[in-house]
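Subject: Structure for you to look at

Dear colleague,

I am passing on the structure we spoke about, with the sequence alongside.

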Amino acid sequence: MESEITPEKRDRKVKNVIPIFKKKPSDKKKEEEKGEGKKNFPVRVIAVTSGKGGVGKTSVVANLAYALAKMNKKILVLDADLSLANLDVSLGIVPRFNLHHVFLGEKRLSDIIVTGPGGMKIIPASSGVQELSELNEEQRLNFMEEIDLFDEEVDMLLIDTGAGISSNVMYFNAVAQDIIVVTSPEPTALTDAYALMKVMSLKYQEKNFKLLVNSVKSGKEAKEIFQNLSSAAEKFLPHLSIDYLGYILFDQKISLAIRQQRTVLDIYPNAQASKCFCTLAEKVSELFLTVPPQKGNIKFFWRDLLANARR
Ligand SMILES: Nc1ncnc2c1ncn2[C@@H]1O[C@H](COP(=O)(O)OP(=O)(O)OP(=O)(O)O)[C@@H](O)[C@H]1O
Ligand SMILES: [Mg+2]
């Protein structure tokens, strides 16, 4: 599956106008009758991604979602990470069903969504992530219907993607409105983060990234890492803009919390890492949730995802 996003498509995404499926006037009327307009809440779609695996994406998504949920934000998490140490395991959730069952027509989208700690909602994707790109026409249409029935109000959709530059990861990044790139201080994590942004910009015309530096000894170390990375990017990829989102300190309490299948913020609220996650959640909320996106509701997201996954 090779997925290219043309500049044209990118423009549509930027404007959050994704007219993939043209509607007949009669359809519009039916939607109005169903009151669908009311259900089309605008939502921020943010992908949390990395070049190298194991740098802390899932920990960031779990704790950020938890912190935001505690701030009374309605957070939906899409667990699109195919690795074994995925979100449900680290949160102690055992979902019985996932997107795969929706594609089979056995479950509704609303049936597979589970409520996690703090009230966050989680869409378990599992093998469904790969299937997205392989749906036949009937499955696609069924899924589109499911999307139309989805009426959950959501402020932010956070996507825990896999690592690297495979197309499975890339199309989630490409449809998200914002991309948080997580890196650790290790040189290989940094070069892989750089490579990911390079590929995203050259192949998918993505120009803006937010960098989150994880597992650092200090805020100073994180800032230096950001500066080194962004000056390399300025030199060789001048069209890119990388913003500094913040840092999470290295803290054994994160691993201890994962072992207990809880978020660190939940069981060790005074840990150093927990304070970092609170700061991060405030910044994320300020950056992304103070001004609601005018358009770009969750249905657009799914439709765009399906369209990208297919190409
Ligand atoms: N700030 C931190 N301090 C200490 N340990 C951390 C920190 N962040 C993550 N870890 C540990 O690093 C390991 C990998 O983290 P995590 O699973 O979140 O990474 P990931 O990027 O999601 O990995 P994958 O690419 O495999 O999905 C976990 O064991 C976690 O406990
Ligand atoms: Mg992960």
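Predicted model: local features only at pLDDT ≥ 70, side-chain atom pairs only at ≥ 80, totals over all residues.

I begin with the ligand. The shell around ligand 1 holds 21 residues, of which Gly53, Gly56, Lys57, Thr58 and Ser59 come nearest. Among the elements that supply at least two residues of this shell are helix H4, which spans 57–70, strand S7, which spans 208–216, and helix H13, which spans 252–259. Sorted by class, the residues around ligand 1 are eight nonpolar, ten polar and three charged.

Helix H4 also takes part in one of the helix pairs, where its partner is helix H15 (residues 272–289); the two axes come within 9 Å and cross at roughly 70°. An angle in the range from 65 to 115 degrees counts as roughly perpendicular, and H4 and H15 are therefore described as roughly perpendicular to each other. Their crossing is right-handed. On the H4 side the contact is made by Asn63, Leu64, Ala67 and Leu68, and on the H15 side by Phe277, Cys278, Leu280, Ala281, Val284 and Ser285. By class, this contact of H4 with H15 has eight nonpolar and two polar residues, and no charged ones.

The other pair consists of helix H11 (residues 187–204) and helix H12 (residues 219–236), which pack at an angle of about 40° with their axes 11 Å apart. H11 and H12 are therefore oblique to each other, and H11 passes H12 in a right-handed crossing. Leu190, Ala193, Tyr194 and Met197 of H11 meet Ile225, Leu229, Ala232 and Ala233 of H12, and by class the contact of H11 with H12 has eight nonpolar residues, with no polar and no charged ones.

Most residues other than glycine have a negative phi. Asn72, however, which lies in the loop between H4 and strand S2 (75–79), has a positive phi near 65°. Asn72 counts as exposed, because it has 10 C-beta neighbours inside 10 Å. Gln261, found in the loop between H13 and helix H14 (264–267), likewise has a positive phi, here near 55°. With 14 other C-beta atoms within 10 Å, Gln261 is partly exposed.

Definitions and conventions. Residues numbered from 1 in each chain as written. Chains lettered and ligands numbered in written order. Near = placed C-beta within 6 Å. Helix = DSSP H or I, 4+ residues; strand = E, 2+ residues; numbered from the N terminus. Nonpolar A, V, L, I, M, F, W, Y, C, P; charged D, E, K, R; others polar. Axes fitted to C-alpha atoms, helices over the stretch in contact; angles between N-to-C directions. Parallel < 35°, antiparallel > 145°, perpendicular 65-115°, else oblique. Left-handed = near helix turned anticlockwise from the far one by under 90°. Contact = placed C-beta atoms within 7 Å. Buried ≥ 20, exposed ≤ 12 C-beta atoms within 10 Å, placed from the backbone.
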